[in-house]
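This report examines how one protein chain is packed and which side-chain pairings occur within it. The sequence and the structure are shown first.

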Amino acid sequence: MSLRSLGTTFGLVARNATSRSLGAVVTLLTGAATGILVARHLGPAGFGQFSVIWAATWALAPLVSVGLDRLLVREIPRDIGIVDLRRGLRLAAIMGPLAGAGLLLATWGIGVTQEVLVATAWACLYLAASGLVVTLDAVFSASERMGLGTVVQVVESVAALAGVVAVIVSGGGLVPISIALTAGRLAHLLVSAVVVRSSRGLTTRPMNLEAPPLSHLIRTSVPIAGSRTLNEGIRRSDVVLLGLLVAPSDVGLYSATVVVSLYVPQLLREYDHALFPALARARSLTHSGLAVVFRQTWHAYLVVAVAAAAGLAVLAPEVLELLYDSSFVSAAPILVILAATVPLRLLAGLCATTLDATNRQVTRMAVTAVALATKLVLVPLLVIPFGIAGAAVAAVIAELVLLAGMLVPFRGLWPLRWGHTAEAIVVGATVAGVAFLTPGHVLVRIAAGVGIFIVLAALIWHRASDAPTEEEAV
């Protein structure tokens with residue numbers, strides 16, 4: 001089978017994907033609870049300030065590891081030993097504080113209140129620790145022992161949620177909430193360091209004594225870090241720009257919809273993260289096993305994401321009221337627009353993962369830069385006449401540009417099949433119709449939509465399993 005040709009099995013990938021997905025569920029639920037509690041506590045205006053600070057922080061987070069974390073995950077499965085973990089950690093320990101200091105200086109330079117500046121200072125400490133965190137987490141992924149990585153991610157999310165709850169109970173504001181999030185990241189760093197040092201098989205792998213100098217590693221990894229930082233810019237730049245263009249309350253409303261629209265892609269991408277070490281063994285997009293796995297994953301993602309986007313669009317007002325409160329319901333039209341980013345973001349993520357795994361990180365970085373530039377130009381142009389709805393439209397266009405550019409290198413294994421696309425549209429329309437027409441509470445309507453999706457997905461899976469694979473058809 002194609003996965004075996006990539007040096008792994010579906011069982012191993014499924015176990016890693018399941019462990020990552022379970023961890024992602026816990027992390028997303030606790031993260032969602034944290035964001036919802038913060039939004040309810042601070043209100044749209046305060047949540048707007050919070051969102052701008054942390055959007056900038058999370059946008060810079062991929063930069064601080066200089067891409068060496070991704071390089072570890074790619075090269076260790078190939079067993080060519082060009083990455084020295086200790087050198088990567090030293091570099092991350094330098095880059096984190098530098099990025100944090102840059103963010104703090106930029107915040108001070110634009111002239112903000114003392115409360116916002118102090119909250120940003122704590123966010124910068126979070127950023128300083130992030131390089132070490134993601135580099136250590138890469139050891140778990142590269143060794144295909146992702147359950148360990150899941151544990152430490154859950155530790156951070158639960159610690160942050162507990163801290164935020166304590167702050168809210170005590171009546172604290174923006175600064176204590178930022179301290180709570182930073183404490184969660186430091187807990188993640190501490191637990192990761194202890195687990196990596198104490199776990200057999202993670203640090204005993206012999207290093208290549210003739211490993212290339214650090215400058216070579218940086219040249220290899222910088223495009224990875226650049227593309228990931230640019231990708232975070234695509235996801236977060238609209239919030240940061242809105243902080244300069246509109247009132248904090250409007251930023252808060254927009255940020256609430258962005259958070260909701262990110263849930264599904266973040267959860268579903270755990271499968272291609274688990275698949276990454278196997279894809280890395282292929283080394284080339286022309287590998288027959290990679291082509292089959294890529295097309296199958298594309299098909300599955302397309303069906304799931306279109307259904308999720310359709311359901312989210314028809315239930316937008318109810319979802320916002322359920323998650324936040326009635327003061328956020330006015331942002332429902334924004335969420336309807338941003339629902340279109342769900343399939344675009346998920347499919348572009350699959351392409352990005354495959355490009356990184358096959359040494360095409362420079363191509364990915366160039367495409368991502370074009371998409372980010374598109375968004376940076378469109379957001380101000382569209383926000384001035386249309387308000388925050390213009391930012392949502394700009395986000396959809398940028399994601400479309402990103403996906404279109406990502407598909408260019410895949411000309412030889414073009415994943416688009418009109419039958420699969422039509423199938424996804426039919427499933428999405430059915431799910432949306434059932435969710436819309438079902439009476440009762442929004443949770444009942446969501447359950448009805450999920451139920452019909454499971455039935456349709458089972459039918460699709462059964463039909464696909466009976467059909468001959470591409471390898472068998474040749």
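Among contacts in the protein between residues at least 6 apart in sequence, what percentage join residues at least 24 apart? In this predicted model, the share of such contacts is 85%.

**Overall architecture**

The protein contains 19 helices and 0 strands. It has 474 residues, of which 53% count as buried.

**Nonpolar cores**

The largest nonpolar core comprises 87 residues. The residues with the most contacts inside this core are Phe50, Tyr254, Val260, Trp298, Tyr324, Cys351 and Leu403. When residues up to four places away in sequence are not counted, Val260 touches Leu312, Val319, Leu320, Leu323, Tyr324 and Leu335. There is also a second, separate core of 7 residues, among them Ala61, Val64, Leu103 and Leu127.

**Aromatic pairs**

The count of aromatic pairs comes to 7. One of them joins Trp54 and Trp58 in a tilted arrangement, with 5.5 Å centre to centre and 45° between the planes. Both residues lie in helix H2 (residues 10–60), 4 residues apart, or about one turn of the helix.

Phe294 and Phe410 form a stacked pair, with 4.5 Å centre to centre and 10° between the planes. This pair links distant parts of the chain: Phe294 belongs to helix H11 (residues 288–314), and Phe410 to the loop between helix H16 (388–407) and helix H17 (418–437), 116 residues apart. Both Phe294 and Phe410 are buried. One aromatic cluster is formed by Phe47, Phe50, Trp54, Trp58 and Tyr126; Phe50 is also one of the residues with the most contacts inside the largest nonpolar core.

**A nonpolar surface patch**

On the surface, Val118, Trp122, Leu125, Ile179 and Leu186 form a nonpolar patch with about 350 Å² of accessible area together. Helix H5 (114–142) and helix H7 (174–198) are the elements that give two or more residues to the patch. H5 supplies the largest share, 3 residues. Val118, which lies in helix H5, counts as partly exposed at 33% relative accessibility.

**Salt bridges**

The structure holds 4 salt bridges. The table lists some of them.

| Salt bridge | N to O distance |
|---|---|
| Arg185 and Glu156 | 3.0 Å |
| Lys375 and Asp238 | 3.2 Å |
| Glu318 and Arg445 | 3.2 Å |

In the salt bridge of Arg185 and Glu156, Arg185 lies in helix H7 and Glu156 in helix H6 (residues 146–169), so the pair ties together parts that are 29 residues apart in sequence. Arg185 and Glu156 are both buried.

The salt bridge of Lys375 and Asp238 links distant parts of the chain, with Lys375 in helix H15 (residues 361–386) and Asp238 in helix H8 (residues 214–245), 137 residues apart. Lys375 and Asp238 are likewise both buried.

In the salt bridge of Glu318 and Arg445, Glu318 lies in helix H12 (residues 316–323) and Arg445 in helix H18 (residues 442–466), so parts that are 127 residues apart in sequence are tied together. Here Glu318 counts as partly exposed at 26% relative accessibility, while Arg445 counts as buried at 10%.

Conventions. Residues numbered from 1 in each chain as written. Predicted model: local features only at pLDDT ≥ 70, side-chain atom pairs only at ≥ 80, totals over all residues. Heavy atoms only, no water. Buried < 20%, exposed > 50% of the residue type's maximum accessible area, 1.4 Å probe, protein only. Contact = heavy atoms within 4.5 Å. Core = buried A, V, L, I, M, F, W, Y, C linked by side-chain atoms within 4.5 Å. Phe/Tyr/Trp six-rings, centres within 6.5 Å; stacked < 30°, edge-to-face > 60°. Patch = residues over 30% accessible without salt bridge, like charges linked within 9 Å, V, L, I, M, F, W, Y side chains within 5 Å. Areas by Shrake-Rupley, 256 points an atom, 1.4 Å probe, with all protein chains shown as cover. Salt bridge = Lys/Arg side-chain N within 4 Å of Asp/Glu carboxyl O.
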